[in-house]
Amino acid sequence: MFFERPKSGELAVLVHVEFNHPSEPNDPREFEELALAAGADPLALVTANRDKPDAKYFVGTGKVEELQQMVADHEVELVIFNHTLSPSQERNLERVLKCRVLDRTGLILDIFAQRARTHEGKLQVELAQLQHMSTRLIRGWTHLERQKGGIGLRGPGETQLETDRRLLRARIKAITARLDKVRRTRAHGRRARLRNAMPTVSLVGYTNAGKSTLFNVLTEAEVYVKDQLFATLDPTMRRIELADIGACVLADTVGFISHLPHKLVEAFRATLEEASNADLLLHVVDCADPERERNIEEVHKVLAEIGADELPSLLVYNKIDLDPFSLPRIDRDDTGRPVAVWVSAKTGEGVALLTEVLSELLAVDLVDGRLLLTPAQAALRAKFYQQQAVVSEQFTDDGGSEVHLRIPKSDLLRILSNTNYRWSELRWAS
């Protein structure tokens, strides 16, 4: 029901309204890219200027007549607005234009429905669609709004509209329960990584910033990559090895966009939790995009909504191959901490600098030394291997060993506490 798509592109008219005092303007260029990503065949972009939206049609009556004429002349199948329409505005426009009307939220939901591949992704999209649809159910059932009496018209005690709403609520409840199970499974995986002292790095950023290309370069994976909005929808995680750190988990997440529907943020919370629980966020930015500063702000808004805005982060300015004035480099603040790296995931320029910075940022208070262990400390030795903290080991003549450790100090202290050892009891090789 939710994932069936027409075989060919639908002829569509795009509508963009500029308001005199826009607090959060939508980009008409990005709007056209969204329509193309959804598979629409845009006939024209109709623009208008208003002080505020019209309560009935969102646009003025003159613009409605222009749209009506365009739909009739070219047999347009779909009119898409670059704004959020109320259910009544959507119904009024459909009644006048005699074709389907879609707002920005519905358009993004449709793209997500097309791109979902995993069972979890499809559940998340369906949940967002159902929540969006629940406010618009009346559209197809206006003739059944009220119960009717008379011979042959007595119903089961509720209208068709009420039945549909009840079924929707039941389905939403079932999907929410299944996504809660997914959330618990992900939390279990995160606890396992914490036990193994394995840091997690999440790629975040505006859609089409090149996150998946960078992910493939760093992990030698083959995640789907395409130059279009929301090419990646389902999260992917891979293990990588970093110098002086060892094993690390890299997560590729769904891209953000301006005015990302709140329903989608809620539905994808299980996926976005990978970002909110990461040790480090790699905020990938398309450095060649003229709207890059606005895109950075939009990503910060979504990160704040999922509680990830306070996490350590590193800006990764990608696509320097498209900007003749950008070179691979590391930008540092006054304290010397890296704050940005300039790379090209496509050509590989600067990627070595990025891995160098990752090792630097994740190697906080790292213990790197050779520890002398006696045969009686076999349990302690086993814990170090369990944490994957042993770089190498040499056995000594007395049956003990000299273990080269590389482990965060906090994890070493935790192991000592669990095995009833004190720091002062450790013997380090000179």
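1. K319 lies in the loop that runs between β9 (313–318) and β10 (329–332), where helices (H or I, at least four residues) and strands (E, at least two) are DSSP runs numbered from the N terminus. This is a predicted model, in which local features need pLDDT of at least 70 and side-chain atom pairs count only at pLDDT 80 or more, while totals for chains, interfaces and linings use all residues. Residues are numbered from 1 along each chain as its sequence is written, and side-chain values use heavy atoms, with hydrogens and water left out.

2. Although K319 is not a glycine, its phi is positive, at about 65 degrees. Most residues other than glycine have a negative phi. K319 counts as buried, because its relative accessibility is 16% (buried means under 20% relative accessible area, exposed over 50%, partly exposed in between, with a 1.4 Å probe and protein chains only).

3. N208, found in the loop between β5 (200–205) and α7 (211–219), is a residue other than glycine with a positive phi, near 65 degrees. Its relative accessible area of 23% makes N208 partly exposed.

4. An open sheet of seven strands has the order β6-β7-β5-β8-β9-β11-β10, with mixed pairing; two strands pair if DSSP finds at least two bridges between them. β6 (236–242) and β10 stand at the edges with a single partner strand each, so one side of each is left without a neighbour in the sheet. From one strand to the next, the twist averages 25 degrees.

5. Within this sheet, β5 pairs with β7 (residues 246–252) in the parallel sense over four bridges, and D252 in β7 is the bridge partner of L203. Helix α10 packs on the sheet, touching β5, β8 (280–286), β9 and β11 (338–342), and its direction makes about 150 degrees with that of β8. Here contact means heavy atoms within 4.5 Å, and axes are lines fitted to C-alpha atoms, for helices over the stretch in contact, with angles running from 0 to 180 degrees between N-to-C directions. Helix α11 (residues 351–362) also packs on the sheet, and its direction makes about 165 degrees with that of β11.
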